[in-house]
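I opened this notebook to record what I looked up in one structure. The entries follow the order in which I worked.

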Amino acid sequence: MLGEDDEASANATARFLRLAEYDVTLASSGLLAVGCARQIPHPDIIVTDVAMPGMGGFALAENLRAHAATKHIPIIFLTGDGSGGSLMHGLRSGGAYYLVKPLNPELLLSSIENALRERDLWIKKGFRQTP
């Protein structure tokens, strides 16, 4: 799932991910992303902008981490703010990766692959939570 309120960014990122053979569901706000994430089947991963209307990416992560059905979903944050404080907030919110815009497509793909691999290892070990 891709949470992004900027339509041009959402379309460009979704197009790139689809070319890499990922199924992409778009959510234009944090509230819509929560609704999508709670639907079954749950998304394998969430790539989300930090600054979105209604509920930002950090609040989205905290919300999903508070529920057993969604706390195992890896989250990758996208942001224009590369400051250390924002990075730490993202990681403390439960983010697996924190990428600064403009996005490097190869870095995004590597981050997705690593986050999914880490999730699979945790599930294989019998854990249904974020490492």
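**Entry 1. Helices H1 and H5.** I began with H1 and H5, and I noted that their crossing is right-handed. The model is a predicted one. I then looked up the residues that make the contact: H1 supplies Thr13, Phe16 and Leu17, while H5 supplies Pro105, Leu108, Leu109 and Ile112. Sorted by class, the contact of H1 with H5 has six nonpolar residues, one polar residue and no charged residues. For the geometry, I recorded that the axes of H1 (residues 7–19) and H5 (residues 105–124) come within 11 Å and cross at roughly 60°. H1 is therefore oblique to H5.

**Entry 2. Helices H2 and H3.** I turned next to a second pair of helices. The axes of H2 (residues 30–38) and H3 (residues 57–65) come within 9 Å, with a crossing angle of roughly 30°. Angles under 35 degrees count as roughly parallel, so H2 is roughly parallel to H3. H2 passes H3 in a right-handed crossing. On the H2 side I listed Gly30, Ala33, Val34, Ala37 and Arg38 as the residues of the contact; on the H3 side I listed Leu60, Asn63 and Leu64. The residues of this contact divide into five nonpolar, two polar and one charged.

**Entry 3. Gly30.** Not counting residues up to four places away in sequence, Gly30 touches Met52, Pro53, Met55 and Leu60. I also looked up a separation: the C-alpha atoms of Gly30 and Lys101 are 18 Å apart, and the two residues stand 71 residues apart along the chain.

**Entry 4. The nonpolar cores.** In soluble globular proteins, nonpolar side chains tend to be buried together. I therefore looked for such groups here. The largest nonpolar core has 16 residues, and those with the most contacts inside it are Met1, Ile46, Leu60, Leu64, Ile75 and Phe77. H2, H3 and strand E4 (75–79) are the elements that give two or more residues to this core. H3 gives the most, with four residues. I then followed Leu64: leaving aside its neighbours within four places in sequence, Leu64 is in contact with Val34, Ala37, Ile46, Thr70, Lys71 and Ile75. I also recorded a second, separate core of 15 residues, which includes Val24, Ile76, Leu99 and Leu109.

**Entry 5. The backbone.** Most residues other than glycine have a negative phi, and most peptide bonds are trans. I searched for departures from both. Which peptide bond is cis on the way into Pro41? I found that the bond from Ile40 to Pro41 is cis, with omega near 0°. Pro41 is found in the loop between H2 and strand E3 (46–49). The bond from Lys101 to Pro102 is also cis, with omega near 0°. I placed Pro102 in the loop between strand E5 (97–100) and H5.

Glu21 has a phi near 70°, a positive value in a residue other than glycine. I located Glu21 in the loop between H1 and strand E2 (26–27). With 73% relative accessibility, Glu21 counts as exposed.

Note on methods. Residues numbered from 1 in each chain as written. Predicted model: local features only at pLDDT ≥ 70, side-chain atom pairs only at ≥ 80, totals over all residues. Heavy atoms only, no water. Axes fitted to C-alpha atoms, helices over the stretch in contact; angles between N-to-C directions. Parallel < 35°, antiparallel > 145°, perpendicular 65-115°, else oblique. Left-handed = near helix turned anticlockwise from the far one by under 90°. Contact = heavy atoms within 4.5 Å. Nonpolar A, V, L, I, M, F, W, Y, C, P; charged D, E, K, R; others polar. Core = buried A, V, L, I, M, F, W, Y, C linked by side-chain atoms within 4.5 Å. Buried < 20%, exposed > 50% of the residue type's maximum accessible area, 1.4 Å probe, protein only.
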